[in-house]
Amino acid sequence: MAIVTGFWAAKTLATAHELRLFDWLSDTAGKTIQECSSHYRMEERPAEMLLTACAALGLLERDDERYRNSPMSERHLVRGRPLYFGGWIEMADRREYPAWMHLKDALQSNRPLTWNPSRQASLFDGEDPLLVATFWEAMYALSITTSWALAEAVDLSGVKKLLDVGGGGAAHDITLCRRYPQLQTTVYDLGFVCELTRHKIEQAGLADRIGLIDGDFLKDDKMPSGYDAILLSKILLDWTPAQCALIIAKCYAALPSGGRIIISDLFVADTKDGPIDAALMSLNMLVETWGRNYTSAEYAAWLTDAGCVDIKVIHFDAPAANGAVVGYKP
């Protein structure tokens with residue numbers, strides 16, 4: 001029953017977010033059902049049902065006759081908050097939910113459903129400005145809520161310069177620079193993504209420590225060099241095994257001796273029977289890209305093939321990642 005009705009909770013959250021319910025309730029003593037009815041120009045019956053459902057989901061708290069944001073909602077669902085998660089909610093609801101309704105077609109055709117295959121156009125082409133803005137805001141939302149877990153789990157105290165490959169949004173760079181005062185980072189991504197990222201860096205007040213390099217890690221002959229660590233966070237799941245191996249090989253070639261490659265992602269178990277979030281995210285890659293969620297063993301094998309040594313897997317718990325695989329260039 002919980003599996004079958006899972007979309008009930010998802011659509012409740014997405015609709016409340018679309019109505020800006022959490023923005024409206026932010027920093028208030030709460031609102032009554034009657035006030036909600038008046039504000040949204042809806043009858044009291046649906047207003048009561050929406051507030052009740054949000055409270056049941058832990059999104060709201062009820063105090064006497066008033067409903068207010070839960071601490072989680074105040075932190076993650078109010079626009080403008082540092083850990084705002086709404087971009088991902090909007091992306092999942094508007095783009096991915098419709099595609100999931102045709103999962104059988106994706107399984108039978110083995111191709112993405114969320115872009116136009118007749119034009120071979122994808123999210124990485126940047127042709128639809130609204131879609132692009134929504135997608136990269138969603139990626140930032142996922143990354144910023146995961147970045148602190150990575151920063152705590154992987155010791156970068158000896159790293160001075162880090163290249164964030166495909167790091168559009170600079171969420172990891174912002175967190176890592178705040179966590180490690182000695183660190184300088186650079187986001188290496190497509191041109192239009194760098195432009196979308198620039199305001200995030202400036203907003204964080206870190207333009208002197210986070211740089212931008214316009215490039216395409218699949219088409220460019222080599223990666224930018226001069227860095228003692230390269231980060232690939234939730235990047236390789238978009239691509240085929242052959243493309244993953246190619247990207248890792250380019251990263252390895254760009255590193256000096258002693259440099260490290262850090263791959264952070266939501267790993268499928270080596271036994272390929274879970275965990276649930278990684279397995280379902282992998283199916284999401286079926287409707288979105290040509291990739292899938294890989295195992296830590298698969299990443300370790302590609303790192304080994306590239307020439308890395310002392311490979312280790314570090315586990316942590318975060319919304320969009322459950323660990324990192326780290327390999328060193330001898």
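Seven aromatic pairs turn up when the whole structure is searched, where rings of Phe, Tyr and Trp (its six-membered ring) pair if their centres lie within 6.5 Å, and planes under 30 degrees apart count as stacked, over 60 as edge-to-face and the rest as tilted. One of them joins Trp24 and Tyr40, edge-to-face, at 5.6 Å centre to centre with 75° between the planes. Because Trp24 belongs to helix H2 (residues 21–25) and Tyr40 to helix H3 (residues 33–40), this pair ties together parts that are 16 residues apart in sequence; helices here are DSSP runs (H or I, at least four residues), numbered from the N terminus. Trp24 is buried at 18% relative accessible area, and Tyr40 is buried at 17%, where buried means under 20% relative accessible area, exposed over 50% and partly exposed in between (1.4 Å probe, protein chains only).

Keep in mind that this is a predicted model, in which local features need pLDDT of at least 70, side-chain atom pairs count only at pLDDT 80 or more, and totals for chains, interfaces and linings use all residues. Residues are numbered from 1 along each chain as its sequence is written, and side-chain values use heavy atoms, leaving out hydrogens and water.

Now turn to Tyr294 and Tyr299, both of them buried.

The charged end of Lys11 sits over the ring of Tyr97, 5.3 Å from its centre, and that of Lys329 sits over the ring of Tyr252, 4.8 Å from its centre; the criterion is NZ of Lys or CZ of Arg within 6 Å of the ring centre and within 35 degrees of the ring normal.

Note on methods. Helices (H or I, at least four residues) and strands (E, at least two) are DSSP runs, numbered from the N terminus.
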